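Me: Hello! I am new to this structure and would like to get to know it through a few questions. Could you walk me through them?

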Protein chains: 2
Amino acid sequence: MNSDQGAAAGMLLSERIRLALADDITTGALAPGTQLDEQQLGDRFGASRTPVREALRQLAAEGLVEMRPRRGAVVAVLTTERVFEMFELSAEIEALCVRLAAWRMTPVERSALRRIHEESAYAVMRGDVDEYDRLNWRFHDAIYEGTHNAYIVEQAKALRERMAAFRRAQLRQGGRPERSRHEHGELVEAVMRGDGEQAAKLMRAHMFNASGALESFARLLPGAD
Amino acid sequence: MNSDQGAAAGMLLSERIRLALADDITTGALAPGTQLDEQQLGDRFGASRTPVREALRQLAAEGLVEMRPRRGAVVAVLTTERVFEMFELSAEIEALCVRLAAWRMTPVERSALRRIHEESAYAVMRGDVDEYDRLNWRFHDAIYEGTHNAYIVEQAKALRERMAAFRRAQLRQGGRPERSRHEHGELVEAVMRGDGEQAAKLMRAHMFNASGALESFARLLPGAD
DNA sequence: ATCGGCAATCGTGTATGCAAATCTTCCTTT
DNA sequence: AAAGGAAGATTTGCATACACGATTGCCGAT
């Protein structure tokens, strides 16, 4: 379980704790349902309870931990149902973004999107999953930005962040990068044509296809409730 | 400027402060850009800085206040551009909800939606804007719930809450309730037919028509930037 | 007179202390 | 032996105290 790796110096202590905890939760180092004792976390970070409390409040607002008044914080436990609900919204937001992007992207943005897609061909060929993962993120980022709506970009990124834990294993499963890239290709074409509705349809299908990892993840969750 | 009205007893102090501040901000009692001094707020609520800080952190996560490290918190100032961006997402989320609702609502839910719509006829006749406002909220709530996706319901309500300040004057402008109810009628029909795509189109138009108040609101905002 | 630098002041960030609420454990009672 | 309850322990919520960074006002220099 890491303690403070990554950017640190000059940053607020509560902020460092927040980032470290967020990382531990999304990577799964802190399992859902884990009790988060303030004093104990303070010891771990060499801090008092005060910055820990602030970090926990922040994480609660992000939905990563759940706070019961006077009963402490626990790592948010997500029912399978809720994960699917989050995933559905995520897919719809992505579809919404690409629909707007197909209508609004500048020629420069469109060719930048195509360039990212072309670059990913090498990663797939070499079987470099990490590299494809990065390019995949950049691809979706480019689509967010293409909406020309900074608020939507923020919300889309925040939602994706919250889903990070579930997407992590996503591309690891057999044949995913190849298929993912093929779907990206179709998306690029629709965006190039400015066909927003078609792009949205393709994106929903793309997200749904990518949801395979969700089902395997679902098995890790408490079966009941 | 209210201090503590509403639910109070038994609730956490920081929670009470959070709710009171959120109310003051959305009603406009605390103008955008106002510096929020921790000590001063503590005095106002008869509390120390600690619960005030926790409330401010929470509000920052909701987007109602902005926190600059070591420089304190201010009521979030929204540029006209940002308000329009928020509004666009809001409209798209509403459209998304009604599209899903049209496909998924049970017969009971559909008739409940129609009943709310019929009830609103009286409010319009009597010119009771407050009552129509309430029914309008219930109408949109019913659509959210119709998605059968609790996460989407939460997010939609949270977004609407953030927009509350801008919608407040919305229905006050001439002829709005009549027109709004007419548009609701078309929406109900599309939902009844299960025509999600058409319902989504109508909802976008409905939200866009309702955006008139935004333009008048825009004049209240700092013109530059 | 204006600009740059320095110091005092103010406010936030963090630590610590105290009280109330919750949880635990052990004892009593049926 | 099991259930209920009371006392102790633990933990959160809030208050107070301290330290550092930022802002502001003043003073001197140009």
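This is a predicted model: local features need pLDDT of at least 70, side-chain atom pairs count only at pLDDT 80 or more; totals for chains, interfaces and linings use all residues.

Me: How many salt bridges does the rule find across the interface of chain B and chain A?
Reply: A pair counts when a side-chain nitrogen of Lys or Arg lies within 4 Å of a carboxyl oxygen of Asp or Glu. One such pair is B:Arg99 with A:Glu92, whose closest N and O atoms are 2.6 Å apart. Across the interface of chain B and chain A, the rule finds ten salt bridges.

Me: Which element gives the largest share of the side of chain B that touches chain A?
Reply: The elements that give two or more residues to that side are helix H3 (49-62), helix H4 (80-104) and helix H7 (150-167) of chain B. With eleven residues, the largest share comes from H4(B).

Me: By class, how many charged residues has the side of chain B that touches chain A?
Reply: Let us go through the classes one by one. Twelve residues on that side are nonpolar and five are polar. The charged residues there number 13.

Me: What area do chain B and chain A bury between them?
Reply: The size of an interface is often given as the accessible area lost when the parts come together. Here 30 residues of chain B are in contact with 30 residues of chain A. Of the area buried, 47% is on carbon and sulfur atoms. The two chains bury about 2900 Å² between them.

Me: Which residues in chain B lose the most area to chain A?
Reply: Three residues stand out, together making up 24% of what that side buries. They are B:Glu54, B:Arg57 and B:Tyr151.

Me: Is A:Leu64 buried or exposed?
Reply: A:Leu64 sits in the loop between helix H3 (49-62) and strand S2 (65-68) of chain A. Beyond its neighbours within four places in sequence, A:Leu64 is in contact with several residues, including A:Ala22, A:Ile25 and A:Val75. Its relative accessible area is 12%. Because the cut-off for this class is under 20%, A:Leu64 is buried.

Me: What is the bridge partner of B:Met67 in S3(B)?
Reply: Strand S2 (residues 65-68) of chain B and S3(B) pair in the antiparallel sense over four bridges. Strand S1 (residues 35-36) of chain B also pairs with strand S3 (residues 72-75), in the antiparallel sense over two bridges. In that pairing, B:Leu36 stands opposite B:Ala73. The bridge partner of B:Met67 in S3(B) is likewise B:Ala73.

Conventions:
Residues are numbered from 1 along each chain as its sequence is written. Chains are lettered from A and ligands numbered from 1 in the order in which they are written. Side-chain values use heavy atoms; hydrogens and water are left out. Buried means under 20% relative accessible area, exposed over 50%, partly exposed in between (1.4 Å probe, protein chains only). Contact means heavy atoms within 4.5 Å. Buried area is the accessible area (1.4 Å probe) that two parts lose on being put together, summed over both. Ala, Val, Leu, Ile, Met, Phe, Trp, Tyr, Cys and Pro count as nonpolar, Asp, Glu, Lys and Arg as charged, and the others, Gly among them, as polar. Two strands pair if DSSP finds at least two bridges between them.
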